[in-house]
Amino acid sequence: MADRPLLLFPAPEPASKSKLGGGGGNVHKPSHGTQVHRVAPQLQQLQKALNNKAIAVQSSSSGIEPELALVIETIGSVDGFLSAVNKIDGLEWLGEYEQDEIIPDEYFYDVKHEEKKLSGRLFFLFTNQAAMAQLLNLWEKFEQNPGKKFGEIFDYGYASIGRLFEQVKTIRLWDVQDRLLETGVLDAWREDLEHDGERPIRFEVELWFRNSHEVRQTQQKYIANLVQQYEGNVLSQCILEDISYHALLAELPANAIQDLLDDQTTELVKCDNIMFFRPVGQISVGEQPDEDTTEIETFQESPLPAGNPVIAVFDGLPLANHELLAERLIIDDPDDWSSDYSASERIHGTTMSALVVHGDLNDSGHTLETPVYIRPIMKPDPNDWHNPRRECIPRDVLAVDLIHRAVKRILEGDGDEEAIAPTVKIINLSIGDPSRQFDVVMSPLARLLDWLSSKYNVLFFVSTGNQLAPVSLGINRSEFEALSADDLEKIIIEALHEDARNRRLLSPAESINAITVGAVHLDTSEVVHTANRFDPFEKILPSPVSSVGSGYRRSVKPDIVFPGGKLWYEKPFLDSQPVLLTVTNTTVAPGNKVAYPGKVEGELAAIAYTRGTSNSTALISRAAGLCHDSLVQIINEQAPPEIDADTYIATLLKAMVVHGCSWNDFGQELSDILRHSKVGEQVEHFARSIYSHNSAITNEINRQYNKILHRWLGYGMPEIDRVLDCTEQRASLLGFGQLPDGEAHIFQLPLPPSLASRPEWRRLTVTLAWLSPVSPNTQKYRTASLWFEINNSIASSRTDVDYHAVRRGTVQHEVFEGDSAEPFVDGDTVEIKVNCRSDAAKIAEPIGYGLVVSLEVSDGVDIAVYDEIKTRIAPLVQIQQATGGNE
């Protein structure tokens, strides 16, 4: 047990939730006449397309009613639109998503700040001829009644249609470009054909999710028939109603794929029931090393694990009998993928397992006390001619289906089988789909993780993904050699920032319930030979390969960053050659030191150096496992036996991992580089373009830097030791409970009397975490919104992430500081109020949450913060399970 373990809050007081304020800018909209002139031709095009489709259907034998998928883009929100859609027969709601960063134009712009980017909505609908006729009838009423209130023009329940017409930017068909050109499937097909022009090619067909089972069956059969016309087959399908997902795994002969590449007007490509064509086998790891060198080590023996697994790793198959892993893993391989793996190819699973079990071998951490559950979800690509072959999710499964079955197997069981590993609370997913960078629409895999985490009360740790495309620094070797370390860092940060649009989160990193982990350019390895390589950063900065946020609805993503090894780059050999940040995949230092398959058969003590966001994710999953052990001990020793704390373990772990985060010097270093680079010039120009007063300009500049920083750093790099133990000058407390819609809990943090009227620096850190159910077809998506408020006079200066951004996800983490001499008396408290309200939909069951609160002063100050708080908490700890209602 720690010398000063974390403390448990007394049971909170029930209360009603607080009200949240709202507001927004004043957006200029086109005049009625201008809007009619803009939109009428778009509606006419839709009607024409539907008429043409009706003629085509009549001449075929499909018997399917002609329908079109519509995309409606608005500026601003349109409240009540879903209710109006439901009143129109034949108009089916498919989904709604929030857009930001919309470029203003002559029709829509912010009245006060014309260059300011706008926000809006994307609506997706299916319409048939009858619904289109009614929509055109409503448009006619709008067109013919300028100046009238919508309540006077439209029947009851249809006024939102008028607001839609007033705010619509574009209304168009979902077309071939949407289905094909932005998914990466065309490039994947060309690559497959170039590699092996005779082999059948598999791909995913993601369908629009239809609410009716009969409609889903009809569209599946129709698409299967189209595929068969090309001498192909539908191999499997996956339907998950809870995340609105319907997809087919299809296969076509190579010549048919070539036909689709040559002619993108075929019936299959134009099929309106299809949302996307997507490549399969893209989630992969383990590119062929440029320099494959391993070392052999003798390892000190450590105790073997005992008990049941807490952490699960979904990855490649590890080398289970490696000296560092033997008897420490529980490998569950129900599909017998081990038969496709040679020992030398078990690379990524081995490195991830070793990082979870032992941490970075450069450091001297102890091994986990419980075994780690391993489920292989990747295996060597049979079409890869390299040795070793890359590891990937196979082309004969849909990733969503595979991961759904894997999670269900361990936490619920399948059919008559019981759950394989029901004690698992943490699932590590060090994977990412490079063909699906996050942009507006939540990916099916992210939606799956969100639903599974809420359903099974399990916490996913997901990597942001590695960005491996070369980045030009705009200089040659001669210019490079003349740079100081500071100037090199500035040029690299500028280049990465300019390329940020191409370096977004890889699916499923946008998951709102998961902890998304980016990488820090940091390790403690010793480099003996630099050769022709260079270290891009002397300071502690984000890894150049780490993907950047934000998340859905501008939430904080990544949530955290963690050491992922130093990645060095090759210098060009000629003075005139440009300097590129080109990733070299080498197994020599620097990097995180890990277990690795040996180069010789039977070699079971090899180690190597690797790096990237996969590593940082595995390391933080391990840290969460250490937090779990500490948390269970705290609950066993401090909580009454009747408390069922297992319900709150996942949310408490989520809060604990984030709680140790702050930007500190790490964030200041990045901020200083940005401010003295071209980025700083751009930020200042933007601020001056929308404000004239100096104070407003300064505030906007700071806000823009804050936004950039949290896209790179999230909440920061956690110091895990801060949530495993307290100090004489720091006390940390844990709270938990369940809240239904409209209610709140109030926690009281006693103030240490010795701090009263003392002008000492102090910091108050509060972290709230929960796992929200999701509503996949709505713009808000997150069903439950929780937030805390705090009556805090002792540390009133808010630092780090903007207070608006912290309330958009499922973790609210805030850091407050102060140093003024605040008077208070013994018995005074800081009140933390945790609120709950419905967001995207009604809350069916109370929402469990975890809360961590820390108060600290500087080390060495003669204020016994821990003891004074503990003394005042102890008499109050009559803990009972907080359920949000009177019992």
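Predicted model: local features only at pLDDT ≥ 70, side-chain atom pairs only at ≥ 80, totals over all residues.
## Overall form

The secondary structure of the protein chain comprises 20 helices and 39 strands. Its radius of gyration is 28 Å, close to the 29 Å that the globule rule gives for 887 residues, so the chain is as compact as a globular protein of that length. Taken along the principal axes, the box that the C-alpha atoms fill is roughly 85 × 70 × 65 Å.

When contacts with a separation of 6 or more are considered, 83% of them in the protein chain are made by residues 24 or more positions apart. Of the 887 residues, 58% count as buried.

## Surface and charge

The protein chain exposes about 35,800 Å², and carbon and sulfur atoms supply 45% of that area. Its side chains include 79 that are positive and 129 that are negative, and the centres of these two sets lie 6 Å apart.

## Nonpolar cores

The largest nonpolar core has 142 residues, and Leu749 and Ile832 are those with the most contacts inside it. Helix H15, which covers residues 613–638, gives the most to this core, contributing ten residues. Apart from this core lies another, of 42 residues, among them Leu398, Val424, Ile431 and Val458.

The contacts of Leu749, leaving aside its neighbours within four places in sequence, draw on several parts of the numbering: they include Phe9, then Leu733 and Leu764, and also Asp828, Thr829, Val830 and Ile832. Val853, Leu855 and Ile869 are also in contact with Leu749.

## Phe562 in strand E27

Phe562 is placed in strand E27, which spans residues 560–563. With a relative accessible area of 13%, Phe562 falls under the 20% limit and is therefore buried. Its C-alpha atom is 8.8 Å from that of Pro542, a residue 20 positions away in sequence.

Leaving aside neighbours within four places in sequence, Phe562 is in contact with Val517, Gly518, Ala519 and Val520, with Ser616, Leu619 and Ile620, and with Met717, Pro718 and Ile720. Among these partners, Val517 has a number that falls within strand E25 (515–520), while Ser616 has one within helix H15 (residues 613–638).

Asp381 lies in the loop between strand E18 (379–380) and strand E19 (391–392). Not counting residues up to four places away in sequence, Asp381 touches Arg389, Arg390, Cys392 and Arg395.

Leu505 is found in the loop between helix H14 (485–498) and strand E24 (506–507), and at a relative accessible area of 1% Leu505 is likewise buried. The C-alpha atoms of Leu505 and Thr464 are separated by 5.3 Å, although the two residues are 41 residues apart along the chain. Thr464 is also one of the residues that Leu505 touches, not counting those up to four places away in sequence; the others include Arg436, Gln437 and Phe438, together with Glu510 and Lys557. A further run of partners of Leu505 consists of Ser547, Val548, Gly549, Ser550 and Gly551.

## Cis peptide bonds

Ser507 and Pro508 are joined by a cis peptide bond, for which omega is about 10 degrees. Pro508 itself lies in the loop between E24 and strand E25 (515–520).

A cis bond also runs from Gly549 to Ser550, with omega near 20 degrees. Ser550 belongs to the loop between strand E26 (533–534) and E27, and both Gly549 and Ser550 are among the residues that Leu505 touches.

Glu101 has a phi near 60 degrees, a positive value in a residue other than glycine. This residue lies in strand E5 (residues 91–102), and at 34% relative accessibility Glu101 counts as partly exposed.

Asp336 likewise has a positive phi in a residue other than glycine, with a value near 55 degrees. Asp336 is located in the loop between strand E16 (329–331) and helix H10 (348–358), and its relative accessible area of 44% makes Asp336 partly exposed.

Definitions and conventions. Residues numbered from 1 in each chain as written. Heavy atoms only, no water. Helix = DSSP H or I, 4+ residues; strand = E, 2+ residues; numbered from the N terminus. Rg over C-alpha atoms; globule rule 2.2 N^0.38 Å. Buried < 20%, exposed > 50% of the residue type's maximum accessible area, 1.4 Å probe, protein only. Contact = heavy atoms within 4.5 Å. Areas by Shrake-Rupley, 256 points an atom, 1.4 Å probe, with all protein chains shown as cover. Lys, Arg positive; Asp, Glu negative; His and termini not counted. Charge placed at Lys NZ, Arg CZ, Asp CG, Glu CD. Core = buried A, V, L, I, M, F, W, Y, C linked by side-chain atoms within 4.5 Å.
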